[in-house]
Amino acid sequence: MVAEAKKREIKDAHKRKKIMKERFKQEENIASAMVIWINEILPNWEVMRSTRRVRELWWQGLPPSVRGKVWSLAVGNELNITPELYEIFLSRAKERWKSFSETSSENDTEGVSVADREASLELIKLDISRTFPSLYIFQKGGPYHDVLHSILGAYTCYRPDVGYVQGMSFIAAVLILNLEEADAFIAFANLLNKPCQLAFFRVDHSMMLKYFATFEVFFEENLSKLFLHFKSYSLTPDIYLIDWIFTLYSKSLPLDLACRVWDVFCRDGEEFLFRTGLGILRLYEDILLQMDFIHIAQFLTKLPEDITSEKLFSCIAAIQMQNSTKKWTQVFASVMKDIKEGDKNNSPALKG
């Protein structure tokens, strides 16, 4: 027994040593990558961003110290939003909050009813309390509560046509953790203006179905066995993809892993969101093949907490985003050109 205990102790010591060694190596890699990003890549962004060397370095994950800057540059600012414009919309939001607390009678403006606006404001309050609750930094009294509230409120004034939609709080929160307030708002508004995000947050059924149909083309191509298993249960992509896309995986994956997904999403665009989804399905394929409809839906809604960056990205790398000779954009352009109005009811989750 003493000998066995001794053996276990030695084994545990070796394991700890190995973990420490790997962690030290990882920290060294981050430090050296940070130097390259700061001294070489960022000063020459437009020239270097698409080079093979930078793309490979990008795939490995951005050093936290440059992550926000790289995200901002990659997302861009097509909307030409300035910090001053953010302050204007924030002031409008604050006035609105004040007026709603004082009176419920206000004329409709910008085509959005008072009731809709009040519902949006209430939903923001409720959602903030449910955003990364384990971190305790976005809840009332936390250091980032007011900032998150401000960005979401300002956005509803900036885009009354979109308003506030559940899931937005997670996207804004991730940006706040990596950027200053005004820069976070600029990135947030531009990110939500991308075709995929706009389709989902506006609940544009026709466009959403195109994305789901395109996803299924690559699902069948890469994971045919699992694809047929899902088909046998009539388990459609909307059941698990909607939550993943709405929050850009920030609710489904551990925060550090979600940030790494965001890194490559900023590099590759919307295609990578769906490639990540296929990577998750590949990672858990063997488990999912043993499950029925209910258990699959439950599993994909709440993924295991021990999911690691290395395993997931290894699975994502194995996913081929090419169908015959067509890439994602070509398949998306050709798929479901003639979606009929009645087809909207085919996906169970979209019926609601």
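Q: Leaving aside its neighbours within four places in sequence, which residues is H149 in contact with?

A: Contact means heavy atoms within 4.5 Å. With neighbours within four places in sequence left aside, H149 is in contact with W97, I124, K125 and I128. This is a predicted model, in which local features need pLDDT of at least 70, side-chain atom pairs count only at pLDDT 80 or more, and totals for chains, interfaces and linings use all residues. Residues are numbered from 1 along each chain as its sequence is written, and side-chain values use heavy atoms, with hydrogens and water left out.

Q: What is the mean pLDDT of the protein?

A: pLDDT is the predictor's confidence in each residue, from 0 to 100. Here the mean is 88, and 86% of the residues reach 70 or more. Residues 105–111 have pLDDT below 50; beyond near neighbours in sequence, that stretch makes twelve contacts in the model.

Q: How many helices and strands are there in the protein?

A: Helices (H or I, at least four residues) and strands (E, at least two) are DSSP runs, numbered from the N terminus. The protein has 20 helices and two strands. Among contacts between residues at least 6 apart in sequence, 72% join residues at least 24 apart.

Q: Is H149 buried or exposed?

A: A residue is buried under 20% relative accessible area, exposed over 50%, and partly exposed in between (1.4 Å probe, protein chains only). H149 has a relative accessibility of 16%, so it counts as buried. It belongs to helix α7 (residues 145–158), in which 13 of the 14 residues are buried. Across the protein, 47% of the 352 residues count as buried.

Q: What length is expected of α7 at 1.5 Å a residue?

A: The expected span of a helix is 1.5 Å times one less than its number of residues. For the 14 residues of α7 that gives 20 Å, and the model reaches 20 Å from the first C-alpha to the last.

Q: Why does the span of helix α4 agree with expectation?

A: Helix α4 (residues 64–75) has twelve residues, which should span 16 Å at 1.5 Å a residue; its end C-alpha atoms are 17 Å apart, so the two values agree.

Q: What lies on either side of α4, beginning with the place of P63?

A: P63 is in the loop between α3 (52–59) and α4. Its relative accessible area is 2%, so P63 is buried. Not counting residues up to four places away in sequence, P63 touches I30, A33, M34 and W37. Of these, M34 is 29 residues from P63 in sequence, and their C-alpha atoms are 5.7 Å apart. Just after α4, G76 adopts a positive phi of about 80°.

Q: Which residue in the loop between α10 and α11 has its place there, and what is its phi?

A: V203 sits in the loop between α10 (195–201) and α11. Its phi is positive, about 50°, although V203 is not a glycine. At 41% relative accessibility, V203 counts as partly exposed. Another case is S234, also not a glycine, with a positive phi of about 55°; S234 lies in the loop between α12 (224–232) and α13 (238–246).

Q: Which residues does T214 contact, leaving aside its neighbours within four places in sequence?

A: T214, in helix α11 (residues 205–222), is in contact with W328, V331, F332 and V335 on that basis. With a relative accessible area of 0%, T214 is buried. E270 is in helix α15 (residues 270–283). E270 and W328 are 58 residues apart in sequence, with C-alpha atoms 9.5 Å apart.

Q: Is I88 buried or partly exposed?

A: The relative accessible area of I88 is 43%, so I88 is partly exposed. It lies in helix α5 (residues 83–102). The C-alpha atoms of I88 and Y158 are separated by 9.3 Å, at 70 residues apart along the chain.
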